[in-house]
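Hi,

Here is the structure I promised to pass on. Have a look at it first, and then read my notes below.

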Amino acid sequence: RSPKGLSHSPWAVKKISKQCDKTSKNLYEQRLNVEAKILKKLQHPNIVGYRAFTKSKDGSLCLAMEYGGDKSLNDLIEARNENGLGPFPAAIILKVALHMARGLKYLHNEKKILHGDIKSSNVVINGDFETIKICDVGVSLHLDENMTVNDPEASYIGTESWKPKEALDDGKVITDKADIYAFGLTLWEMMALSIPHLNLPEDGGEEDTFEEEDFDEDAYYEALGTRPALNMEELDDSYHKVIELFYLCTSEDPKERPSSAQIVEALEAEGVQ
């Protein structure tokens, strides 16, 4: 918990595992340094807040952050899938969408930062969706006044299944819309309860095992950067706005995707809280 007199909110601490090899340790330390510098400048209710950057007793670097919740959105998706509960209610998905979009609007418009790794595991949830916060800005990139990453040394890292087309091809321009594609796939995760493009066999019981040859690697790589299909039989009329937003955000052409500010404006106009 927080030191006496500073804050009453609990802390979450990110540190590098001692089991990492030297090369990985150096890379992760570099990213943790970057994340600490960026996080220190951010203050928004939908972004996990900075608390301290220090060394532990064993010499490991530690980034102390605001405690955003004990579960990531990915944890909740996996639990819902394991319990056979089907897609999250549309109202919950829209609430997550609005709060994430507000965080992205702050990063993009006010701080000129591309998050660069939006996905369900980088969204922390407190309680019954009482608070929704984006975390992990360690691979973020600077945006210029045109919302473009123009640093020739900059590299979009992201996570493969959430990468847009423009981040998969060398030499393509990366803009704020790269975050929007990944945001759209995060909404898809809440409906499909699975990892984008990773079409694994249905779990048919304890006797079923997943063999490596069951994975269609060619189909997976072909699907990256595209819009994954939805099981429309599981989605009733209440999901209309969610599906519409998902479709807009996952266009392969970044210019056709809405900005984070446009998403916030549209959802607030619909009365989403």
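This is a predicted model: local features need pLDDT of at least 70, side-chain atom pairs count only at pLDDT 80 or more; totals for chains, interfaces and linings use all residues.

Three strands make an open sheet in the order 4-6-7, with antiparallel pairing. Helices (H or I, at least four residues) and strands (E, at least two) are DSSP runs, numbered from the N terminus, and two strands pair if DSSP finds at least two bridges between them. Strands of a sheet pair through backbone hydrogen bonds, either parallel or antiparallel. Strand 4 (71–72) and strand 7 (131–134) are the edges, each pairing on one side only. Strand 4 is joined to strand 6 (residues 123–126) by two bridges. Helix 3 (residues 90–110) packs on the sheet and touches strand 6 and strand 7 (contact means heavy atoms within 4.5 Å). The direction of helix 3 makes about 40° with that of strand 7; axes are lines fitted to C-alpha atoms, for helices over the stretch in contact, and angles run from 0 to 180 degrees between N-to-C directions.

**Two helices together**

Helix 5 (residues 177–192) packs with helix 7 (residues 240–249) at about 145°, their axes 8 Å apart. Among the residues making this contact are W188 and M191 of helix 5, and V242 and F246 of helix 7.

**Aromatic rings**

How many aromatic pairs turn up in the whole structure? The search finds four. Rings of Phe, Tyr and Trp (its six-membered ring) pair if their centres lie within 6.5 Å; planes under 30 degrees apart count as stacked, over 60 as edge-to-face and the rest as tilted. Y220 and Y221 have ring centres 5.0 Å apart and planes at 70°, so they are edge-to-face. F246 and Y247 are edge-to-face too, at 5.5 Å centre to centre and 85° between the planes.

Buried means under 20% relative accessible area, exposed over 50%, partly exposed in between (1.4 Å probe, protein chains only). Y220 is buried because its relative accessibility is 7%, while Y221, at 43%, is partly exposed. F246 is buried at 0%, and Y247 is partly exposed at 42%.

Cheers

Definitions and conventions:
Residues are numbered from 1 along each chain as its sequence is written. Side-chain values use heavy atoms; hydrogens and water are left out.
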